[in-house]
Amino acid sequence: MWDPGQYRRFAGERSRPFFELLARVGATAPGFVADLGCGPGDLTAALAGRWPGADVVGVDSSAEMIRSAQAMLSAGGPASRCSRLRFVQADLRAWRPGKPAGVIVANAVLQWVPEHLAVVASWPGMLASGGWLAFQVPGNFDQPSHRILRDLTASPRWRPLLRDVQLNRQAGQPADYLAALAGAGCEVDAWETTYLHVLQGTDPVLEWYKGTGLRPVLAALEPAAARDFLAEVRRPGARGLPGGAVRHGAAVPAGVRRRIAPLTPALAGYRSLSLNFLVTSAEIRGFGSSWDSPFQAMLTR
Ligand SMILES: C[S@@+](CC[C@H](N)C(=O)[O-])C[C@H]1O[C@@H](n2cnc3c(N)ncnc32)[C@H](O)[C@@H]1O
């Protein structure tokens, strides 16, 4: 179960990869745009704003998210004026566009879809001529926040209660995504981005994480057990979040820390890694330049 309210906290930070990815999509007047795993729909509405002549559909498997997106349509805000924007509840693995799509977007969703490389490889075949596919997968899975979760769920105390819980995950290394798309005959523009989000509020890293990665664990536990689990996640030390999260500038550039630390002594941040992939059916794209050199050498051989 998703909580659109919790997810919308930190919406500015969470949406950065989406906007930076979409900035590279060159479609000018697509007829049909699909946002797969659209969540509460705010970013789907941004797509409708960018391409007002397009039919735009947001697709999500969560009833709560789709309800929240539909409520936004009738709330009288800018999204209410997008007459060609709609939302449907569906599993993206079964979703078919009905007509060729000018743009397919999937931001921060695939990590929740097991075995998703085959799904990714099926999307280019759904594009119209000159269409664009843009998707983003978090690349945080070897970061401390995810390690804590994996360690705890596998520990003797929690394994019996959480053995059936599906944690989010990548399907593989970036090269595996490229291989899946290359196998579908695509040229790919791929790059990695690291964001150092400085977060505000009480326990912001935990609050961030409660909206996404911790969600299935907390949903599987009784309230008292969930409180105990959170206490273990927060416990300082080898497994506690402060070791994994950025406390007091561990990953904040020194210049920034000097400027703002006196004002915000409890500065906390979250390092998020984003793997970005762009395919267009019209033209051959170059490779991004942020890969490490052995990998780049492999690609360009
Ligand atoms: C982290 S949110 C991302 C929402 C939005 N794309 C964004 O960037 O803000 C992930 C969303 O993917 C949805 N999702 C997970 N598995 C899905 C599936 N198999 N089919 C469709 N949606 C799915 C969830 O319900 C959730 O709303």
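View 1. The model shown here is predicted, not determined by experiment. Altogether, 18 residues surround the ligand. If you want to find your way around, look for Tyr-7, Gly-37, Asp-60, Leu-92 and Asn-107, which are the closest.

View 2. Let's start with Asn-107: an N or O atom in its side chain is 2.8 Å from an oxygen atom of the ligand. The side chain of Trp-2 also has an N or O atom facing this comparison, 3.3 Å from a ligand oxygen. With Leu-92, the backbone takes part: one of its polar backbone atoms is 2.9 Å from a nitrogen atom of the ligand. How much of the ligand's accessible area does the protein cover? On its own the ligand has 600 Å² of accessible area, and the protein covers 95% of it.

**View 3. Helix α2 packs with helix α3.** Two packed helices are described by the angle between their axes and the distance between the axes. Here, α2 spans residues 11-22 and α3 spans residues 42-50. Their axes come within 11 Å and cross at roughly 25 degrees. An angle under 35 degrees counts as roughly parallel, so α2 is roughly parallel to α3. The crossing of α2 past α3 is right-handed.

**View 4. Helix α6 crosses helix α11.** Follow α6 along residues 144-153 and α11 along residues 223-234. The axes of these helices come within 10 Å and cross at roughly 130 degrees. Therefore α6 and α11 are oblique to each other. Their crossing is right-handed.

Terms used:
Residues are numbered from 1 along each chain as its sequence is written. This is a predicted model: local features need pLDDT of at least 70, side-chain atom pairs count only at pLDDT 80 or more; totals for chains, interfaces and linings use all residues. Side-chain values use heavy atoms; hydrogens and water are left out. A residue is near a molecule or strand if one of its heavy atoms lies within 4 Å of it. A polar contact is a pair of N or O atoms within 3.5 Å; within protein, one must be able to donate a hydrogen and the other to accept it, and residues adjacent in sequence count only if both atoms are side-chain atoms. Accessible areas come from the Shrake-Rupley method with a 1.4 Å probe; for residues, only the protein chains shown count as cover. Axes are lines fitted to C-alpha atoms, for helices over the stretch in contact, and angles run from 0 to 180 degrees between N-to-C directions. Helices (H or I, at least four residues) and strands (E, at least two) are DSSP runs, numbered from the N terminus. Angles under 35 degrees count as roughly parallel, over 145 as roughly antiparallel, 65 to 115 as roughly perpendicular and the rest as oblique. A crossing is left-handed if the near helix is turned anticlockwise from the far one by less than a right angle, and right-handed if clockwise.
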